[in-house]
Amino acid sequence: MSTDRRKKRLDRKLKAQSDGLYALSSWTAMGYLMFPRALLIFGLLLLPLFLDMYWQRVLCSAGVYALLALSFDFLAEYVGLVCLGGALFIGVGGYISGTLNMYLGWPPLFCIATATVTGAIISTLILLPSLRLRGIYFAIISFMFPMFAVYIIIALNVLGGTEGVSGLETLQNIWVEQYLILGIVLVSLFAIRRLVNEDTGLILRAIKDNDQAVKASGISITAYKIKALLIASLIGCFAGAYMSHLYGWLGISLFSMDFSILPIAAAVMGGMGSLTGPALGAFILTPLSETLRGFGQLRVVLYSLILIAFIIYKPEGIMNYIGRKYHQFEHWEKF
Amino acid sequence: MNDKELLKVENISKSFGGVQAVVNVSFILKKGGILGIIGPNGSGKTTIANLITGFVRPNRGKVIFKGRVITGAPPHKIANLGLARTFQVMRPYHSLSAYKNLIVPLNSPRVRQTRGGKLGDNDAVAIDILEEIGFERDARVPYKIAGSLPLGYLKRLELGRCFALNPEVIICDEIFSGLSMSEITSMIPLLEKIQMDGVTLIMIEHRLRELFRLTDTVIAMNFGQKIAEGSPEEVIEKEEVKEAYLGSSRSK
């Protein structure tokens with residue numbers, strides 16, 4: 001019978017021993033904390049060495065999705081803004097960087113850096129009026145802007161119109177491309193993990209829990225939401241700018257819905273709120289969707305089945321599951 | 001302006017659709033005292049708190065805080081002037097631990113000014129405030145997730161969040177409701193201590209017996225109107241107040 005027993009979870013001894021300042025007390029405690037982080041860092045950095053040319057390209061685009069998933073997770077779980085505007089960030093970043101490269105002839109790395117900053121400011125300004133909305137309403141509005149952009153580009157026939165612009169300069173070689181995106185993924189991952197536990201991050205989480213009380217504590221929630229949005233769009237716009245130089249091409253498909261939807265799938269699969277999870281989810285989902293390419297149209301079906309399975313059987317996501325297993329042991333207890 | 005009067009509410013009115021929530025209410029809050037606002041359900045007590053703190057804009061009338069008109073200012077600006085409030089429905093940041101809840105007010109412009117910028121450890125200050133406010137009995141409680149705390153602690157946390165703002169006025173919206181008798185008796189000295197520290201209190205309450213132990217002035221409200229003002233003994237003797245609480249008697 002399932003009614004007379006229940007699963008009991010307890011923190012491992014090592015977890016308690018490596019809590020806070022105690023982490024410095026022994027090598028085991030330090031190793032316990034550093035092992036998963038080192039595994040992630042070295043795993044990602046060594047991965048390109050074992051891949052052939054084709055999969056190295058896939059890894060690059062997986063990095064783009066990982067950044068989007070990270071920025072989605074940050075906004076949704078730590079600020080309470082469910083932002084489906086991943087495509088907006090990609091499009092704005094990509095178009096700015098591509099245009100600078102095409103018409104002014106700036107070198108790609110410089111274009112990417114400029115596009116990251118200006119793109120983030122522009123995307124934030126675009127989303128600014130809708131910041132008063134919450135939850136699903138903000139999601140709908142943010143989902144709409146990429147479509148706006150597509151129709152504006154088509155209607156005015158600017159920036160290459162429907163055909164886009166090809167022949168952008170790419171980065172020096174595949175190694176620079178890979179390590180640039182992997183480096184940025186790792187840096188932004190650890191930066192955001194740190195941010196959410198700093199005072200600024202705590203205020204953002206407080207806004208998610210209860211924005212009225214934050215107002216009553218004398219803090220302007222709009223100012224903090226703008227900061228958060230700027231951080232998320234910096235990450236997203238970098239991904240977009242990088243993307244346009246990865247393919248040496250820019251066009252309206254930079255605003256395609258994939259960039260808004262796939263990061264959410266990655267976040268669900270990887271574990272919402274864990275930050276690492278969504279990034280890892282993107283590194284699993286993107287190659288998966290490449291492998292399934294052979295199935296043609298059936299690909300989407302298989303893909304959806306995997307997602308549904310995750311939502312039903314492991315709604316907490318991969319990362320939260322692994323984290324639980326790592327930090328706690330569990331046994332069945334009769335009562 | 002008399003420097004004893006800290007907050008002045010002048011002919012304030014608010015209606016939601018056809019409902020007149022507050023009609024022409026005026027009162028003066030003197031520095032250092034405790035002002036009680038009583039009245040039956042739906043008499044507009046909480047709306048007054050919302051009007052003063054800027055969460056709701058009045059249709060008519062003015063709120064003057066330290067000689068400055070604050071009507072229409074956004075809530076966070078008003079809070080930064082030193083007007084803090086608690087909420088009737090408990091609103092902790094449930095995913096943060098209890099002491100991290102206080103980090104939010106400690107980062108407000110007001111506290112940063114008064115405490116001289118980023119000097120000092122906010123975490124330590126937060127724990128200190130919680131211990132002052134009644135978390136001292138169990139050293140582990142401040143580290144617990146706020147969502148898992150019992151109601152008594154949540155009420156104290158709510159008060160602590162106001163207190164962290166270093167305010168001049170705290171508006172307590174039904175801080176006794178839902179608490180057991182023993183919890184209330186331990187809360188009263190706490191409120192008295194806060195008053196001793198120089199904070200002026202406005203208490204919106206249903207629990208008259210406990211309120212009257214604390215206050216020197218009481219305002220009674222019914223249907224959005226102020227029906228009586230004075231010392232607790234005077235107010236409960238008034239015919240209108242008795243009617244509001246017990247209903248009117250048809251037979252004379």
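Helix H11 of chain A is largely enclosed by the rest of the structure, because 11 of its 13 residues are buried. The model is predicted.

**Helix H11 of chain A**

- H11(A) covers residues 258-270, and its first and last C-alpha atoms lie 17 Å apart, close to the 18 Å expected at 1.5 Å a residue.
- The buried positions of H11(A) are A:Phe259, A:Ser260, A:Leu262, A:Pro263, A:Ile264, A:Ala265, A:Ala266, A:Ala267, A:Val268, A:Met269 and A:Gly270.
- Packing against these buried residues involves helices H3 (53-79), H4 (86-104), H6 (135-156), H12 (276-291), H13 (298-313) and H14 (318-327) of chain A.
- After H11(A) comes A:Gly271, which has a positive phi, near 115 degrees.

**A:Tyr303 in helix H13**

- A:Tyr303 belongs to helix H13 of chain A, one of the helices against which the buried residues of H11(A) pack.
- Leaving aside residues up to four places away in sequence, A:Tyr303 touches A:Ser289 and A:Leu292.

**Contact between chains A and B**

- The two chains meet through 16 residues of chain A and 24 residues of chain B.
- On the side of chain A that touches chain B, the elements giving two or more residues are helix H8 (199-209) and helix H9 (211-216).
- H8(A) gives the most to this side of chain A, with six residues.
- By class, the residues on this side of chain A comprise seven nonpolar, five polar and four charged.

**Fold of chain B**

- Chain B contains 11 helices and 10 strands.
- With a radius of gyration of 18 Å, close to the 18 Å that the globule rule gives for 252 residues, chain B is as compact as a globular protein of that length.
- The C-alpha trace of chain B spans about 65 × 40 × 35 Å along its principal axes.
- Of the 252 residues in chain B, 44% are buried.
- Considering contacts in chain B between residues at least 6 apart in sequence, 69% join residues at least 24 apart.

How values were computed. Residues numbered from 1 in each chain as written. Chains lettered and ligands numbered in written order. Predicted model: local features only at pLDDT ≥ 70, side-chain atom pairs only at ≥ 80, totals over all residues. Helix = DSSP H or I, 4+ residues; strand = E, 2+ residues; numbered from the N terminus. Expected span 1.5 Å × (residues − 1). Buried ≥ 20, exposed ≤ 12 C-beta atoms within 10 Å, placed from the backbone. Contact = placed C-beta atoms within 7 Å. Nonpolar A, V, L, I, M, F, W, Y, C, P; charged D, E, K, R; others polar. Rg over C-alpha atoms; globule rule 2.2 N^0.38 Å.
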